[in-house]
Amino acid sequence: MKKSTKLLLAALFLGSIAIRLFIAFQAEGLEYEGYGVARQVESIRETGIALYNDELSYGGRDRVFSPVYYYLLAAFSFFMPLEIVLKTIPNILASLVIPVVFFLSMQVVKNEKVSLLAATFSGFIPGFFNNTINNASIYTAVIPLFFLTAHYFLLTNKDSKHAYKLIGCIILLTVLHPSSLVLALSLLIYIAFLKLQRFRESSREPEIVLFFLFLVFWLNAVLYKRALSTHGMEVLWQNIPGRIMEESYTQITLLGSIYSIGLLPLVLGLGAVYISFFEKKRKHVTLMASISLTVFILLWFRMVELTTGLILLGVSLAALSAYFMNYIYEYLKTVKIRHAHNIFLVAILGVAVIGFLPNTFLAIQQAGSVPSEKDMDLYLWLRENTEENSTVLVLPEEGSAMSYYSNRKNVMDEDYLLVPNIDRRYSDVLSIYNERFLTSALQKLNYYNVQYIAITEYNHDTNNVSRLMFFDDNCVQRVYPEMESDEFTPEAYEVKCIIGETRQ
Amino acid sequence: MKAIKVFGKEKNVIAIILLLSLIVLGGLQVISYGVHEKAFMGDETYYYMRLSEQYQEERVFDYDFLQERPVSFNLLYLVPGTNSVPVESTARILPVLGGVLSIFLFHYLARTLKFRKDERLIATIIFAANPLFVYTFTSFTPLIIGVPLGLAGMALFFRKKTWVSGIMLGVLPLLSVPLSLVVLLSVILAMIIGSARKNQGIMVILSAVLVGAASWLFLGFRPWLELIPSPSAMAGVFVELAGVQAYSFIILALAIIGLLSLWERNTKSVAVLLFLFLSFVFSLFYAESRIIVSMALAVYAGIAIISIIQREWNVEAIKNITLLLILCSVVFSFVVAIDNAFSDVSTEKIQGIQYLSTSDPGEVMLSAERNGFMMSYFSGRKSFVDGISHRYEEYDERINVAETIYYSRNLESLESTLKDNGISYVLVDNRMRQGEVWTGDNEGVLFLFRHANAFVKIFENAEVVVYRHMS
């Protein structure tokens with residue numbers, strides 16, 4: 001690799017970290033999702049054990065998850081403040097996708113300029129960039145590792161000296177997140193494509209795929225045994241409430257998904273698939289195409305979360321785009337226009353930068369969707385003024401943030417695994433805020449053992465809820481704030497009645 | 001492909017496998033006896049025990065007096081019914097013997113079919129470590145006789161012992177109709193691929209038809225009852241997904257790899273593939289036939305393991321880890337199967353159900369379908385729904401009534417529904433409360449149970465609560 005390429009790659013990597021950190025530190029605190037991670041890391045820091053038995057989530061329940069990512073973050077939290085760890089480490093991990101995709105593309109095209117461009121795309125895929133800046137998402141570690149595994153898979157096919165690195169990546173990916181199942185499935189489809197396209201089969205490929213399949217099966221079966229036996233096949237949908245799943249798929253339009261993947265990676269990636277299948281067969285391209293196809297099929301059958309699917313699709317298409325760019329680049333070298341090939345690359349870069357700028361502003365806006373100052377005040381008031389064991393009703397998105405700041409039980413948060421009758425609980429939580437009659441509201445509130453109801457600014461902004469219609473001074477009494485004001489301020493109500501008796 | 005030399009003398013290996021299976025199956029019976037002397041694995045055990053006891057006392061095998069419904073004749077009732085050994089002892093010993101005998105006969109059949117030594121040994125090990133084997137030979141069901149009988153019949157069939165095999169396979173429908181259908185399908189397959197003479201196959205089919213017809217005329221054999229699929233059969237197909245009489249993902253995956261490796265070696269047979277596919281699809285609806293399909297899967301899984309061992313791997317370490325992972329996965333599904341089999345074995349539950357025997361004869365009890373057999377066995381009272389209610393006409397209506405009761409919040413209509421159906425007791429266990437029916441103590445009828453005077457909690461422990469309707 002040329003020195004200039006090394007420098008450019010380093011600059012890209014550092015630049016990505018700098019932009020991500022700049023955006024992340026614009027907002028105080030984390031996005032709502034991030035507080036689930038924060039609670040796990042804090043628990044590890046204090047007790048050494050992740051929250052397998054979470055007394056605050058859903059009023060107290062067991063969880064199943066892989067703790068590897070939380071332990072990694074917890075390790076840093078011993079010598080850095082927690083908030084800094086949750087803002088910096090995930091962004092550094094996410095930026096690693098740039099060198100990973102660079103080396104992956106280099107295997108496909110052996111062209112440093114083109115590979116650098118593909119790496120640039122991968123680092124700034126809107127779906128990935130916007131959704132992983134300020135929420136300490138586990139995907140910041142999963143996505144680079146996913147493609148690093150693919151990279152070592154290709155390398156090991158050439159030379160078995162990389163086998164141990166590949167085994168390491170496979171094991172780490174498998175224990176980190178169930179996304180390893182997507183890669184295992186992609187490799188199966190890849191083997192099928194090799195047979196169909198009559199490639200000379202390397203003897204190592206089926207061996208590694210077999211190993212990967214058995215490892216993924218066994219580890220996931222052991223790690224998620226309880227979830228598998230509780231939810232059966234539905235574990236594939238992670239017990240996400242049907243309404244959320246439905247809304248996430250119905251709300252996104254074709255344009256929305258193209259935007260999420262990025263127009264350039266999509267067009268160039270699809271071009272690469274076309275060329276590799278119908279004109280110039282390349283084994284390496286087939287692997288990336290298999291990943292894209294697998295994710296597409298999973299998205300089509302709604303067997304993967306929309307955001308996750310679009311991120312995987314976007315990054316795999318970005319890696320694929322190197323092949324198509326190189327194809328055009330090589331072709332332009334043969335035409336009579338001087339430097340046409342270089343002009344092409346500059347033009348692509350220009351388009352990418354123009355596309356990236358508005359996305360950055362959107363990312364800044366999104367990273368700012370953290371609990372507001374007023375909501376934080378409410379959470380802290382709950383911490384100081386309510387009984388330690390009490391349950392507070394907030395929206396599912398706010399559940400972890402409320403429990404983090406208030407140290408009080410929530411009725412629902414965004415980790416749905418192992419929760420029975422999740423659809424019913426979800427609709428109950430949403431409907432309580434719109435209840436008109438005290439009796440039917442009390443039935444639900446008693447059922448979930450709710451002592452306090454919080455109406456936050458977030459709830460007000462998203463659902464237009466400003467006041468409980470069923471509140472009265474006997475049973476559901478407003479306890480926060482003490483003074484009424486004309487403009488909306490977050491409120492807390494205490495539930496004082498149980499149907500048939502009065503709470504002491 | 002050369003045979004692998006990982007095994008010693010075949011007789012010794014088989015002896016060890018038989019001994020291990022005897023220890024495991026016997027050990028499981030001892031453990032369940034240790035939990036409670038009347039605790040058994042598999043809810044069907046209680047059903048067949050009750051009907052066997054009924055036969056011992058009344059000599060009637062085609063009508064269930066307690067549940068007031070016709071049942072199909074089954075040879076199993078005759079086994080404890082025709083001797084003085086208590087049914088409970090038979091229900092503990094017979095499954096263990098059936099399991100050990102089945103392993104021996106499975107290996108004998110593989111030998112008869114001229115599988116290589118290494119193939120038949122690995123296939124036998126996989127068959128014995130198969131979750132379906134665990135379920136089948138820990139429960140007292142007709143399969144504990146049907147499986148060894150079918151295996152012996154098939155072995156003799158391939159050894160051209162036409163008459164004996166004809167009789168053995170002919171009586172198989174009297175133990176399990178779905179099982180015998182898959183066995184007969186494999187007889188047809190043997191005729192198609194030329195492993196058996198046509199007249200032999202026709203003889204077996206004819207004998208099954210004749211025995212079936214005679215039993216229908218004289219013994220009250222009602223095969224159609226067994227051919228009504230259970231609505232929940234598809235829900236528990238894999239043991240890893242909490243299925244009980246279920247396949248293991250890993251053995252299925254290995255079997256597919258085995259099939260693919262045979263395909264690569266050009267030893268494919270469309271007829272065999274079609275048989276496998278048809279019997280697998282059939283088994284999705286009829287859980288009783290899964291044990292036979294699992295034998296075919298064990299054979300192909302064995303072939304897969306041998307091809308993995310014999311393949312020249314580029315990185316020896318990956319090969320060794322892969323084999324270790326396969327071993328771990330097979331052991332994992334075996335352990336999960338045992339865990340699932342024990343899910344309903346609990347002293348508290350039995351104590352709660354036994355309490356129902358204090359009720360008046362003729363009173364009807366309501367609980368989840370899976371508790372029906374246990375309730376009838378221990379209390380001697382009629383269950384509103386049980387594991388074979390789906391075979392009878394009024395099933396849909398009963399399920400609707402049960403759901404109406406479970407989710408009722410109106411005392412007046414609830415009382416009238418209970419009265420119309422003669423239900424006096426409702427047994428609620430933890431699984432029902434924790435998501436199977438309700439998610440909390442105040443949901444649906446539980447609210448009325450707690451607050452209405454018409455209901456009295458007559459028994460409660462850590463596992464079950466029994467409510468009585470004071471009509």
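Domain bounds, as used here, come from an automatic or database domain assignment, and in this predicted model chain B is divided into domain 1 (10-341) and domain 2 (347-469). The centres of domain 1 of chain B and domain 2 of chain B, taken over C-alpha atoms, are separated by 34 Å. Where the two domains touch, the contact takes 17 residues from domain 1 of chain B and 13 residues from domain 2 of chain B. On the domain 1 side of this contact in chain B, the most is given by helix α2 (residues 43-58) of chain B, which supplies six residues.

Within chain B, helix α1 (residues 10-35) and helix α5 (residues 117-128) pack with their axes 11 Å apart and at an angle of about 5 degrees. Because angles under 35 degrees count as roughly parallel, α1(B) is roughly parallel to α5(B). From α1(B), the contact is made by B:E10, B:V13, B:I17 and B:S21, while α5(B) brings B:K117, B:L121, B:T124, B:I125 and B:A128.

Between the chains, 24 residues of chain A are in contact with 25 residues of chain B. On the side of chain A that touches chain B, α9 (163-176), α11 (204-223), α12 (225-231) and α22 (438-447) of chain A each supply at least two residues, and α11(A) gives the most, with 11 residues.

The table sets out the classes of residue in these contacts.

| Contact | Nonpolar | Polar | Charged |
|---|---|---|---|
| Side of chain A that touches chain B | 15 residues | seven residues | two residues |
| Contact of α1(B) with α5(B) | five residues | two residues | two residues |

Technical notes: Residues numbered from 1 in each chain as written. Chains lettered and ligands numbered in written order. Predicted model: local features only at pLDDT ≥ 70, side-chain atom pairs only at ≥ 80, totals over all residues. Contact = placed C-beta atoms within 7 Å. Helix = DSSP H or I, 4+ residues; strand = E, 2+ residues; numbered from the N terminus. Nonpolar A, V, L, I, M, F, W, Y, C, P; charged D, E, K, R; others polar. Axes fitted to C-alpha atoms, helices over the stretch in contact; angles between N-to-C directions. Parallel < 35°, antiparallel > 145°, perpendicular 65-115°, else oblique.
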